[in-house]
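Please walk me through how to read the folds of a protein model, one feature at a time.

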Amino acid sequence: MASTVQTVNAAVLYPGTGRELRVEERDIWPPKPHEAQIEVLATGLCGSDLHYYSHGRNGDFQVRQPIVLGHEAAGIVRAIGSGVTHLRVGQRVAIEAGIYCRECSYCQKQRYNLCKSMKFCSSASIFPHFDGTLQEKMNHPAFVVHPLPDSCSFEQASLAEPLSVLIHASRRANLAAGQTVLVFGVGTIGLLACALAKARGATKVVAVDINSSRLEFAKTHGFASQTFCLPAPSSSSSSSSHSCSHSQSQSRLPPTPQQLSAERRKEVEDQMRRVKDSMSGILNEFGEKDGFDLVYECTGAEMAIQMSVFGASRGGRVMLIGMGSRNVIMPLSTSQCSEIDILGSFRYCDTYPEALALLASGDLTGVESLVTHRFALEDAKKAFEMMAKGVDEEGNMVLKVMVGPGSA
(Lines give C-alpha, C1' and ligand atoms only; values in the text may rest on other atoms or scores of the structure.)
Protein backbone atom coordinates (compact mmCIF):
# COMPACT_ATOMS: atom_id res chain seq x y z
CA MET A 1 0.00 0.00 0.00
CA ALA A 2 1.22 3.51 -0.82
CA SER A 3 2.40 5.26 2.35
CA THR A 4 3.22 8.76 1.13
CA VAL A 5 1.37 11.68 -0.40
CA GLN A 6 1.56 11.71 -4.21
CA THR A 7 0.98 14.44 -6.77
CA VAL A 8 -1.41 13.78 -9.67
CA ASN A 9 -2.87 15.82 -12.51
CA ALA A 10 -6.58 16.62 -12.51
CA ALA A 11 -8.91 18.53 -14.85
CA VAL A 12 -10.51 21.11 -12.55
CA LEU A 13 -13.54 23.26 -13.42
CA TYR A 14 -13.66 26.61 -11.63
CA PRO A 15 -16.85 28.45 -10.58
CA GLY A 16 -18.30 31.05 -12.91
CA THR A 17 -20.23 31.12 -16.15
CA GLY A 18 -18.38 28.07 -17.43
CA ARG A 19 -15.51 26.93 -19.65
CA GLU A 20 -12.74 27.71 -17.13
CA LEU A 21 -11.15 24.27 -16.99
CA ARG A 22 -7.54 23.86 -15.90
CA VAL A 23 -5.34 20.79 -15.69
CA GLU A 24 -3.40 21.22 -12.47
CA GLU A 25 -1.51 19.24 -9.86
CA ARG A 26 -3.25 17.97 -6.73
CA ASP A 27 -2.13 15.93 -3.77
CA ILE A 28 -3.56 12.47 -3.20
CA TRP A 29 -3.21 10.74 0.15
CA PRO A 30 -2.96 6.99 0.76
CA PRO A 31 -6.37 5.29 0.76
CA LYS A 32 -8.30 5.07 4.03
CA PRO A 33 -9.07 1.60 5.42
CA HIS A 34 -12.31 1.33 3.40
CA GLU A 35 -10.95 2.81 0.16
CA ALA A 36 -9.13 1.73 -2.97
CA GLN A 37 -6.73 3.97 -4.84
CA ILE A 38 -7.38 3.69 -8.56
CA GLU A 39 -5.37 4.82 -11.55
CA VAL A 40 -8.10 6.18 -13.83
CA LEU A 41 -7.49 5.04 -17.41
CA ALA A 42 -10.75 5.94 -19.17
CA THR A 43 -13.52 8.42 -18.41
CA GLY A 44 -16.51 8.87 -20.68
CA LEU A 45 -17.82 12.42 -20.81
CA CYS A 46 -21.53 12.84 -20.06
CA GLY A 47 -24.12 15.49 -20.91
CA SER A 48 -24.20 16.61 -17.28
CA ASP A 49 -20.42 17.17 -17.41
CA LEU A 50 -20.93 19.30 -20.50
CA HIS A 51 -23.63 21.38 -18.78
CA TYR A 52 -21.29 22.10 -15.89
CA TYR A 53 -18.47 22.95 -18.28
CA SER A 54 -20.54 25.17 -20.59
CA HIS A 55 -22.70 26.98 -18.04
CA GLY A 56 -21.13 26.51 -14.64
CA ARG A 57 -24.24 24.68 -13.51
CA ASN A 58 -26.47 21.72 -14.28
CA GLY A 59 -30.11 22.59 -13.67
CA ASP A 60 -30.43 23.77 -10.07
CA PHE A 61 -26.89 22.68 -9.17
CA GLN A 62 -24.36 25.50 -9.50
CA VAL A 63 -20.61 25.07 -9.24
CA ARG A 64 -19.57 26.94 -6.08
CA GLN A 65 -16.01 25.66 -5.71
CA PRO A 66 -13.42 24.04 -7.98
CA ILE A 67 -14.62 20.58 -8.99
CA VAL A 68 -13.20 17.64 -10.94
CA LEU A 69 -15.75 16.44 -13.51
CA GLY A 70 -16.35 12.91 -14.85
CA HIS A 71 -18.25 9.91 -13.47
CA GLU A 72 -18.14 7.19 -16.16
CA ALA A 73 -14.80 5.58 -15.44
CA ALA A 74 -12.56 2.54 -15.15
CA GLY A 75 -8.96 1.88 -14.22
CA ILE A 76 -6.50 -0.23 -12.22
CA VAL A 77 -6.26 -0.62 -8.44
CA ARG A 78 -2.89 0.73 -7.29
CA ALA A 79 -3.40 0.55 -3.51
CA ILE A 80 -6.03 -0.68 -1.05
CA GLY A 81 -6.94 0.25 2.49
CA SER A 82 -6.42 -2.14 5.38
CA GLY A 83 -10.10 -3.10 5.52
CA VAL A 84 -10.55 -3.95 1.83
CA THR A 85 -10.78 -7.66 1.11
CA HIS A 86 -12.51 -8.10 -2.25
CA LEU A 87 -9.99 -6.17 -4.35
CA ARG A 88 -6.29 -6.60 -5.04
CA VAL A 89 -3.54 -4.33 -6.31
CA GLY A 90 -3.26 -4.52 -10.09
CA GLN A 91 -6.91 -5.47 -10.58
CA ARG A 92 -8.88 -3.91 -13.45
CA VAL A 93 -12.03 -2.24 -12.12
CA ALA A 94 -15.00 -0.01 -12.91
CA ILE A 95 -15.83 2.91 -10.62
CA GLU A 96 -19.47 3.28 -9.59
CA ALA A 97 -19.93 7.02 -9.12
CA GLY A 98 -22.62 7.09 -6.41
CA ILE A 99 -21.65 6.63 -2.77
CA TYR A 100 -24.70 5.83 -0.66
CA CYS A 101 -25.04 5.70 3.12
CA ARG A 102 -26.08 1.99 3.40
CA GLU A 103 -28.10 2.87 6.50
CA CYS A 104 -31.27 4.76 5.49
CA SER A 105 -34.59 3.13 4.65
CA TYR A 106 -33.98 3.49 0.89
CA CYS A 107 -30.62 1.75 1.10
CA GLN A 108 -32.11 -0.98 3.27
CA LYS A 109 -34.88 -1.52 0.71
CA GLN A 110 -32.32 -1.91 -2.11
CA ARG A 111 -33.25 1.45 -3.61
CA TYR A 112 -30.02 3.22 -2.81
CA ASN A 113 -30.29 5.44 -5.89
CA LEU A 114 -32.88 7.39 -3.84
CA CYS A 115 -30.60 7.74 -0.79
CA LYS A 116 -30.88 11.30 0.53
CA SER A 117 -27.24 11.20 1.66
CA MET A 118 -25.94 10.14 -1.76
CA LYS A 119 -22.61 11.62 -2.83
CA PHE A 120 -22.14 11.47 -6.57
CA CYS A 121 -18.85 12.01 -8.38
CA SER A 122 -18.67 15.29 -10.34
CA SER A 123 -21.96 16.58 -8.93
CA ALA A 124 -22.44 20.05 -7.45
CA SER A 125 -25.65 18.90 -5.74
CA ILE A 126 -23.88 18.87 -2.36
CA PHE A 127 -21.40 21.29 -0.80
CA PRO A 128 -18.52 20.77 -0.53
CA HIS A 129 -18.72 19.23 -3.99
CA PHE A 130 -17.62 15.64 -4.62
CA ASP A 131 -14.83 15.34 -7.17
CA GLY A 132 -15.11 13.12 -10.21
CA THR A 133 -12.81 10.92 -12.26
CA LEU A 134 -10.95 13.30 -14.61
CA GLN A 135 -7.75 12.82 -12.66
CA GLU A 136 -4.81 10.44 -12.90
CA LYS A 137 -5.57 8.70 -9.60
CA MET A 138 -8.36 8.87 -7.04
CA ASN A 139 -9.39 7.27 -3.77
CA HIS A 140 -12.86 5.74 -3.81
CA PRO A 141 -14.91 3.63 -1.34
CA ALA A 142 -14.14 0.03 -2.21
CA PHE A 143 -17.75 -1.16 -1.88
CA VAL A 144 -18.60 0.71 -5.11
CA VAL A 145 -15.57 -0.52 -7.05
CA HIS A 146 -16.29 -3.49 -9.34
CA PRO A 147 -13.82 -5.98 -10.86
CA LEU A 148 -13.92 -6.25 -14.65
CA PRO A 149 -14.51 -9.45 -16.61
CA ASP A 150 -11.38 -10.43 -18.50
CA SER A 151 -12.91 -9.59 -21.88
CA CYS A 152 -14.15 -6.13 -20.85
CA SER A 153 -11.95 -3.19 -21.89
CA PHE A 154 -11.56 0.01 -19.89
CA GLU A 155 -13.63 1.95 -22.42
CA GLN A 156 -16.38 -0.66 -22.32
CA ALA A 157 -16.30 -0.55 -18.52
CA SER A 158 -16.78 3.23 -18.65
CA LEU A 159 -19.98 2.58 -20.59
CA ALA A 160 -21.26 0.53 -17.65
CA GLU A 161 -22.43 3.78 -16.04
CA PRO A 162 -24.82 4.93 -18.81
CA LEU A 163 -25.79 1.30 -19.48
CA SER A 164 -26.70 0.99 -15.80
CA VAL A 165 -29.20 3.81 -16.28
CA LEU A 166 -30.93 1.68 -18.92
CA ILE A 167 -30.75 -1.56 -16.98
CA HIS A 168 -32.38 0.08 -13.96
CA ALA A 169 -35.06 1.73 -16.12
CA SER A 170 -35.73 -1.54 -17.93
CA ARG A 171 -36.18 -3.43 -14.68
CA ARG A 172 -38.78 -0.89 -13.64
CA ALA A 173 -40.48 -1.10 -17.03
CA ASN A 174 -40.40 -4.92 -17.14
CA LEU A 175 -38.63 -5.09 -20.49
CA ALA A 176 -39.10 -8.61 -21.86
CA ALA A 177 -38.57 -10.68 -24.97
CA GLY A 178 -41.25 -10.37 -27.62
CA GLN A 179 -42.08 -6.72 -26.94
CA THR A 180 -42.13 -3.89 -29.44
CA VAL A 181 -40.04 -0.90 -28.32
CA LEU A 182 -40.02 2.77 -29.35
CA VAL A 183 -37.12 5.03 -28.35
CA PHE A 184 -37.22 8.83 -28.43
CA GLY A 185 -33.73 10.31 -28.72
CA VAL A 186 -30.60 8.64 -30.06
CA GLY A 187 -27.82 10.08 -27.98
CA THR A 188 -25.73 7.61 -26.00
CA ILE A 189 -28.59 6.79 -23.62
CA GLY A 190 -31.12 6.28 -26.42
CA LEU A 191 -28.73 4.12 -28.43
CA LEU A 192 -28.03 1.99 -25.37
CA ALA A 193 -31.80 1.69 -24.85
CA CYS A 194 -32.06 0.30 -28.38
CA ALA A 195 -29.13 -2.07 -27.85
CA LEU A 196 -30.48 -3.37 -24.55
CA ALA A 197 -33.97 -3.89 -25.98
CA LYS A 198 -32.53 -5.92 -28.85
CA ALA A 199 -30.34 -7.94 -26.49
CA ARG A 200 -33.41 -8.71 -24.36
CA GLY A 201 -35.31 -10.05 -27.37
CA ALA A 202 -37.51 -7.16 -28.52
CA THR A 203 -39.17 -8.02 -31.82
CA LYS A 204 -39.05 -4.46 -33.13
CA VAL A 205 -36.96 -1.45 -32.06
CA VAL A 206 -37.80 1.92 -33.62
CA ALA A 207 -35.84 5.11 -32.93
CA VAL A 208 -37.17 8.66 -33.30
CA ASP A 209 -35.13 11.87 -33.27
CA ILE A 210 -34.81 15.26 -34.97
CA ASN A 211 -31.20 14.57 -36.02
CA SER A 212 -31.05 12.62 -39.27
CA SER A 213 -27.31 11.91 -38.95
CA ARG A 214 -27.75 10.24 -35.57
CA LEU A 215 -30.69 8.23 -36.87
CA GLU A 216 -28.58 7.04 -39.80
CA PHE A 217 -25.88 6.05 -37.32
CA ALA A 218 -28.44 4.13 -35.25
CA LYS A 219 -29.62 2.19 -38.28
CA THR A 220 -26.21 1.62 -39.86
CA HIS A 221 -24.71 0.21 -36.66
CA GLY A 222 -27.68 -2.03 -35.92
CA PHE A 223 -29.10 -0.23 -32.88
CA ALA A 224 -32.57 0.24 -34.40
CA SER A 225 -34.43 -1.77 -37.01
CA GLN A 226 -36.29 1.34 -38.22
CA THR A 227 -36.01 5.09 -37.66
CA PHE A 228 -38.11 8.21 -38.05
CA CYS A 229 -36.86 11.80 -38.29
CA LEU A 230 -39.13 14.44 -36.78
CA PRO A 231 -38.98 18.04 -38.03
CA ALA A 232 -36.86 20.23 -35.77
CA PRO A 233 -38.93 22.41 -33.43
CA SER A 234 -39.33 25.97 -34.66
CA SER A 235 -39.73 29.14 -32.65
CA SER A 236 -41.13 31.08 -35.59
CA SER A 237 -44.75 30.30 -34.84
CA SER A 238 -44.45 31.32 -31.23
CA SER A 239 -42.62 34.54 -32.07
CA SER A 240 -45.13 35.53 -34.76
CA SER A 241 -47.93 34.80 -32.36
CA HIS A 242 -46.28 37.02 -29.80
CA SER A 243 -45.81 39.94 -32.21
CA CYS A 244 -49.38 39.62 -33.43
CA SER A 245 -50.86 39.73 -29.95
CA HIS A 246 -48.58 42.63 -29.10
CA SER A 247 -49.84 44.72 -32.03
CA GLN A 248 -53.43 43.86 -31.26
CA SER A 249 -52.98 44.93 -27.66
CA GLN A 250 -52.53 48.48 -28.86
CA SER A 251 -56.16 48.63 -30.04
CA ARG A 252 -58.05 46.57 -27.45
CA LEU A 253 -58.23 46.01 -23.72
CA PRO A 254 -56.10 43.25 -22.15
CA PRO A 255 -57.93 39.90 -21.91
CA THR A 256 -59.66 39.03 -18.67
CA PRO A 257 -58.42 36.08 -16.57
CA GLN A 258 -61.40 34.05 -17.83
CA GLN A 259 -60.50 34.81 -21.44
CA LEU A 260 -56.88 33.91 -20.80
CA SER A 261 -57.96 30.63 -19.27
CA ALA A 262 -60.15 29.79 -22.26
CA GLU A 263 -57.39 30.75 -24.69
CA ARG A 264 -54.88 28.64 -22.80
CA ARG A 265 -57.20 25.63 -22.80
CA LYS A 266 -57.69 25.91 -26.55
CA GLU A 267 -53.95 26.28 -27.05
CA VAL A 268 -53.27 23.12 -25.03
CA GLU A 269 -56.01 21.18 -26.83
CA ASP A 270 -54.61 22.23 -30.21
CA GLN A 271 -51.14 21.23 -29.12
CA MET A 272 -52.30 17.80 -27.95
CA ARG A 273 -54.18 17.26 -31.20
CA ARG A 274 -51.07 18.07 -33.26
CA VAL A 275 -48.90 15.79 -31.15
CA LYS A 276 -51.43 12.94 -31.37
CA ASP A 277 -51.75 13.33 -35.15
CA SER A 278 -47.97 13.33 -35.53
CA MET A 279 -47.64 10.19 -33.42
CA SER A 280 -50.43 8.48 -35.35
CA GLY A 281 -48.47 9.06 -38.54
CA ILE A 282 -45.39 7.41 -37.02
CA LEU A 283 -47.39 4.43 -35.77
CA ASN A 284 -48.99 3.91 -39.16
CA GLU A 285 -45.66 4.14 -40.95
CA PHE A 286 -44.22 1.31 -38.85
CA GLY A 287 -47.33 -0.85 -38.87
CA GLU A 288 -47.97 -0.37 -35.15
CA LYS A 289 -51.28 1.50 -35.24
CA ASP A 290 -52.15 0.18 -31.77
CA GLY A 291 -48.90 1.47 -30.28
CA PHE A 292 -45.70 0.01 -28.84
CA ASP A 293 -45.46 -2.18 -25.75
CA LEU A 294 -42.72 -0.03 -24.24
CA VAL A 295 -41.61 3.54 -24.98
CA TYR A 296 -38.28 4.90 -23.72
CA GLU A 297 -38.29 8.70 -23.58
CA CYS A 298 -34.63 9.74 -23.56
CA THR A 299 -34.81 13.42 -24.51
CA GLY A 300 -36.62 15.24 -21.71
CA ALA A 301 -38.31 17.43 -24.34
CA GLU A 302 -41.97 18.21 -23.70
CA MET A 303 -43.23 17.24 -27.15
CA ALA A 304 -41.40 13.91 -27.05
CA ILE A 305 -42.82 13.15 -23.61
CA GLN A 306 -46.33 13.85 -24.89
CA MET A 307 -45.76 11.76 -28.02
CA SER A 308 -44.52 8.90 -25.85
CA VAL A 309 -47.92 8.56 -24.21
CA PHE A 310 -49.70 8.56 -27.57
CA GLY A 311 -47.12 6.06 -28.87
CA ALA A 312 -47.76 3.43 -26.19
CA SER A 313 -50.25 0.61 -26.65
CA ARG A 314 -53.18 -0.04 -24.34
CA GLY A 315 -51.68 -1.49 -21.19
CA GLY A 316 -48.23 -0.39 -22.34
CA ARG A 317 -45.54 1.51 -20.48
CA VAL A 318 -43.75 4.82 -20.92
CA MET A 319 -40.36 5.06 -19.22
CA LEU A 320 -39.16 8.62 -18.63
CA ILE A 321 -35.35 8.72 -18.66
CA GLY A 322 -34.42 12.04 -20.26
CA MET A 323 -34.18 15.03 -17.94
CA GLY A 324 -34.98 18.39 -19.47
CA SER A 325 -38.37 20.02 -19.08
CA ARG A 326 -39.21 20.50 -15.41
CA ASN A 327 -42.97 20.94 -15.85
CA VAL A 328 -44.84 19.28 -18.69
CA ILE A 329 -48.45 19.19 -19.88
CA MET A 330 -49.37 15.51 -20.18
CA PRO A 331 -52.26 13.70 -21.94
CA LEU A 332 -53.26 12.01 -18.69
CA SER A 333 -56.74 11.07 -19.88
CA THR A 334 -55.14 8.96 -22.63
CA SER A 335 -52.89 7.33 -20.07
CA GLN A 336 -55.74 6.65 -17.67
CA CYS A 337 -58.27 5.34 -20.16
CA SER A 338 -55.73 3.09 -21.89
CA GLU A 339 -54.03 1.99 -18.65
CA ILE A 340 -50.66 3.24 -19.86
CA ASP A 341 -48.17 3.24 -17.00
CA ILE A 342 -45.96 6.33 -16.95
CA LEU A 343 -42.82 5.54 -14.96
CA GLY A 344 -39.84 7.59 -13.87
CA SER A 345 -36.29 6.36 -13.46
CA PHE A 346 -33.35 8.00 -11.67
CA ARG A 347 -29.78 6.77 -12.00
CA TYR A 348 -29.45 3.07 -11.04
CA CYS A 349 -29.21 0.54 -8.24
CA ASP A 350 -27.30 -2.78 -8.09
CA THR A 351 -26.70 -2.77 -11.83
CA TYR A 352 -22.91 -2.72 -12.31
CA PRO A 353 -22.21 -6.48 -12.24
CA GLU A 354 -24.96 -7.05 -14.83
CA ALA A 355 -23.80 -4.12 -16.96
CA LEU A 356 -20.19 -5.28 -17.00
CA ALA A 357 -21.16 -8.86 -17.82
CA LEU A 358 -23.38 -7.65 -20.66
CA LEU A 359 -20.65 -5.40 -22.08
CA ALA A 360 -18.17 -8.29 -21.97
CA SER A 361 -20.61 -10.75 -23.57
CA GLY A 362 -20.74 -9.10 -26.99
CA ASP A 363 -24.55 -9.22 -26.96
CA LEU A 364 -24.99 -5.44 -27.26
CA THR A 365 -25.17 -4.70 -30.97
CA GLY A 366 -23.01 -1.78 -32.09
CA VAL A 367 -21.82 -0.77 -28.63
CA GLU A 368 -18.18 -0.59 -29.75
CA SER A 369 -19.12 2.20 -32.19
CA LEU A 370 -20.43 4.53 -29.47
CA VAL A 371 -16.95 5.85 -28.64
CA THR A 372 -16.23 8.26 -31.47
CA HIS A 373 -13.37 10.37 -30.05
CA ARG A 374 -10.50 10.04 -27.56
CA PHE A 375 -8.41 12.64 -25.72
CA ALA A 376 -5.57 12.69 -23.22
CA LEU A 377 -6.30 14.20 -19.79
CA GLU A 378 -4.24 17.30 -20.60
CA ASP A 379 -6.58 17.92 -23.56
CA ALA A 380 -9.79 17.65 -21.54
CA LYS A 381 -10.75 21.23 -22.40
CA LYS A 382 -10.49 20.42 -26.12
CA ALA A 383 -12.70 17.39 -25.54
CA PHE A 384 -15.41 19.52 -23.94
CA GLU A 385 -15.21 22.18 -26.64
CA MET A 386 -15.70 19.53 -29.32
CA MET A 387 -18.64 18.03 -27.42
CA ALA A 388 -20.25 21.46 -27.22
CA LYS A 389 -20.04 21.81 -31.02
CA GLY A 390 -21.41 18.32 -31.64
CA VAL A 391 -18.99 17.70 -34.52
CA ASP A 392 -15.21 17.45 -34.84
CA GLU A 393 -12.96 19.55 -37.09
CA GLU A 394 -13.77 17.29 -40.05
CA GLY A 395 -17.51 17.60 -39.44
CA ASN A 396 -17.86 14.08 -38.06
CA MET A 397 -20.60 13.43 -35.50
CA VAL A 398 -19.59 13.33 -31.83
CA LEU A 399 -21.19 10.72 -29.58
CA LYS A 400 -19.22 9.34 -26.62
CA VAL A 401 -15.91 11.05 -25.91
CA MET A 402 -13.30 9.22 -23.80
CA VAL A 403 -10.59 10.96 -21.80
CA GLY A 404 -7.55 9.11 -20.43
CA PRO A 405 -4.63 6.92 -21.47
CA GLY A 406 -6.37 3.54 -21.47
CA SER A 407 -8.27 2.34 -24.52
CA ALA A 408 -7.60 -1.39 -24.19
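The dialogue below takes up sheets, helix packing, a salt bridge and some backbone details.

Q: What kind of model is this, and how are residues numbered?
A: This is a predicted model, in which local features need pLDDT of at least 70 and side-chain atom pairs count only at pLDDT 80 or more, while totals for chains, interfaces and linings use all residues. Residues are numbered from 1 along each chain as its sequence is written, and side-chain values use heavy atoms, with hydrogens and water left out.

Q: Which strands make up the sheet with parallel pairing, and in what order?
A: Strands of a sheet pair through backbone hydrogen bonds, either parallel or antiparallel. Here an open sheet of six strands runs in the order β15-β14-β13-β16-β17-β18, with parallel pairing. β15 (226-229) and β18 (341-344) each have a single partner strand, so one side of each has no neighbour in the sheet. On average, neighbouring strands of this sheet are turned by 20° against each other, direction ignored. Strands (E, at least two residues) and helices (H or I, at least four) are DSSP runs numbered from the N terminus, and two strands pair if DSSP finds at least two bridges between them.

Q: How many bridges join β14 and β15?
A: Strand β14 (residues 204-209) pairs with β15 in the parallel sense over four bridges. Within β14 and β15, Ala-207 stands opposite Thr-227.

Q: Which helices lie on this sheet?
A: α4 lies across β16 (292-297), β17 (312-320) and β18, at about 150° to β17. Helix α9 (residues 302-311) packs on the sheet too, touching β13 (180-184), β16, β17 and β18, and its direction makes about 150° with that of β17. Angles run from 0 to 180 degrees between N-to-C directions, and axes are lines fitted to C-alpha atoms, for helices over the stretch in contact.

Q: How do α4 and α11 cross?
A: Two packed helices are described by the angle between their axes and the distance between the axes. The axes of α4 (residues 160-173) and α11 (residues 352-361) come within 9 Å and cross at roughly 115°. The two helices are therefore roughly perpendicular (under 35 degrees counts as roughly parallel, over 145 as roughly antiparallel, 65 to 115 as roughly perpendicular and the rest as oblique). Residues in contact (heavy atoms within 4.5 Å) include Leu-163 and Ile-167 in α4, and Leu-356 and Leu-359 in α11.

Q: What is the angle between α1 and α12?
A: Helix α1 (residues 47-55) and helix α12 (residues 380-389) pack at about 100°, with their axes 10 Å apart. That makes α1 roughly perpendicular to α12. Among the residues that meet are Leu-50 and Tyr-53 in α1, and Phe-384 and Met-387 in α12.

Q: Which strands form the antiparallel sheet?
A: This open sheet of three strands has the order β2-β1-β6. Its edge strands are β2 (21-28) and β6 (67-68). β1 (residues 6-13) and β2 pair over eight bridges, and Gln-6 stands opposite Ile-28 in β2.

Q: How many salt bridges are there, and where does Arg-26 find its partner?
A: A salt bridge is a side-chain nitrogen of Lys or Arg within 4 Å of a carboxyl oxygen of Asp or Glu. The whole structure has 14 of them. In one, the side chains of Arg-26 and Asp-131 meet at 2.6 Å, N to O. Arg-26 lies in β2 and Asp-131 in the loop between β10 (119-120) and β11 (137-141), so the pair ties together parts 105 residues apart in sequence.

Q: What is the geometry of the backbone at Pro-128 and Ser-122?
A: The peptide bond from Phe-127 to Pro-128 is cis, with omega near -5°. Ser-122 has a positive phi of about 70° although it is not a glycine. Pro-128 is in the loop between β10 and β11, and Ser-122 is found in the loop between β10 and β11.
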